[in-house]
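Work through the exercises below with the structure open. Each one gives a task and then a solution in steps.

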Amino acid sequence: MLEETLNRINTELREAPDKGLVADYIPELAKIDPNQFAMSVCLADGQQVSCGDFTTNFSMQSVSKAFTLAMALGRYGDGLWKRVGREPTSNAFNSVVDLELGGGKPRNPFVNAGAIVVTDALLSGRTPKDTLAEIVQFVRAAVGDGDIYINHDMARSENITGHRNWSLAHFLKSTDNLEHECELTLGTYFHQCSIELNCQQLARAGRFLAGLSGGHDMIANRHVRSINALMMTCGHYDGSGEFAYRVGFPGKSGVSGGILAIVPGVASVAVWAPGLNSFGNSQLGTLALERLSLAMSWSVF
Ligand code: DON
């Protein structure tokens with residue numbers, strides 16, 4: 001049933017007339033062929049079913065923010081919320097005005113400003129190199145196999161053109177919500193966003209957030225619940241309401257077109273389609289999850 005559903009979605013979506021647009025503010029992302037599509041699902045019984053280009057690597061981008069949040073919650077617990085809020089926003093993921101209105105406290109850990117603060121917190125007492133090694137190690141452990149690397153060309157590309165993130169980091173610095181120099185925190189953040197994996201690996205990496213076997217013991221259960229709540233309310237930025245309405249379970253998107261979605265206790269789902277909608281979330285990825293949710297009755301509502 002699941003295999004047939006995935007194959008049907010794969011066939012249908014490859015014919016979709018509007019695939020969205022690839023992100024072009026990071027030159028390395030602008031080069032990606034938008035005619036690619038992959039989906040992979042891990043189930044509670046250990047089974048994994050995949051379709052499409054599921055062995056092709058893509059950069060995690062903002063999907064990495066769910067993993068750094070998990071690490072920061074493990075290290076700081078509720079202390080993290082002194083520096084970052086837990087509220088959705090009606091502004092874009094890289095909004096500067098949102099940060100200014102919050103007096104330098106980002107609205108949530110998934111908008112860029114919030115994720116930059118989370119990475120800054122992870123840097124505390126460590127070098128950027130060691131911090132990155134820890135992040136990669138955490139993702140590797142979540143996936144359960146070793147083949148996860150950083151795409152350095154992607155990180156360099158973003159470092160050069162990421163003016164919006166530089167302005168967010170400087171604003172955070174001006175309000176004393178950035179412990180390290182902007183270049184250290186952003187250098188780490190850009191590299192974390194450039195961690196590459198394929199759809200099959202991303203679905204496996206999400207098992208700890210779905211409470212599935214193979215994913216146990218990464219973080220405490222209460223943190224799993226917190227992260228899922230934030231993925232549901234903030235994981236798709238100002239498009240989070242639309243995602244919750246259409247799909248009905250938590251998800252975290254990335255500007256490379258990846259989405260990690262969690263059906264608590266049931267499945268970890270990864271989808272990748274590089275074309276984006278106007279909120280910067282995967283256009284066909286969202287549609288695929290909507291169809292999967294309907295076919296499998298996986299909405300949590
Ligand atoms: O910081 C950025 O702009 C990117 N590295 C990540 C943004 C992102 O993935 C937004 N998601 N849809």
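**Exercise 1.** Find which elements the buried residues of helix 1 pack against.

Solution. In this predicted model, start with helix 1, which covers residues 2-14. Its buried residues include Leu6, Ile9 and Leu13. Viewed down the helix axis, the buried residues fall within an arc of 65°, so they line one face of helix 1. Next, look for the partners of these buried residues: strand 1 (38-43), strand 2 (48-52) and helix 14 (283-296). Finally, turn to the face pointing away from the buried side, where Glu3, Glu4 and Thr11 are exposed.

**Exercise 2.** Decide how helix 3 and helix 6 are oriented to each other.

Solution. Two packed helices are described by the angle between their axes and the distance between the axes. For helix 3 (residues 64-76) and helix 6 (residues 128-143), the angle is about 105° and the axes lie 10 Å apart. Angles of 65 to 115 degrees count as roughly perpendicular, and helix 3 and helix 6 are therefore roughly perpendicular. At the contact, Phe67, Thr68 and Met71 of helix 3 meet Ile135, Phe138, Val139 and Ala142 of helix 6. Sorted by class, this contact has six nonpolar residues, one polar and no charged ones.

**Exercise 3.** Determine whether Cys193 is buried or exposed.

Solution. Locate Cys193 in helix 9 (residues 182-193). Count its C-beta neighbours inside 10 Å: there are 29. A residue is buried at 20 or more, so Cys193 counts as buried. Then check its contacts beyond four places in sequence: Cys193 touches Ser59, Met60, Gln61, Ser64 and Glu158. Ser62 is 131 residues from Cys193 in sequence, yet their C-alpha atoms are 6.2 Å apart.

Terms used: Residues numbered from 1 in each chain as written. Predicted model: local features only at pLDDT ≥ 70, side-chain atom pairs only at ≥ 80, totals over all residues. Axes fitted to C-alpha atoms, helices over the stretch in contact; angles between N-to-C directions. Helix = DSSP H or I, 4+ residues; strand = E, 2+ residues; numbered from the N terminus. Parallel < 35°, antiparallel > 145°, perpendicular 65-115°, else oblique. Contact = placed C-beta atoms within 7 Å. Nonpolar A, V, L, I, M, F, W, Y, C, P; charged D, E, K, R; others polar. Expected span 1.5 Å × (residues − 1). Buried ≥ 20, exposed ≤ 12 C-beta atoms within 10 Å, placed from the backbone. Arc of directions from axis to C-beta.
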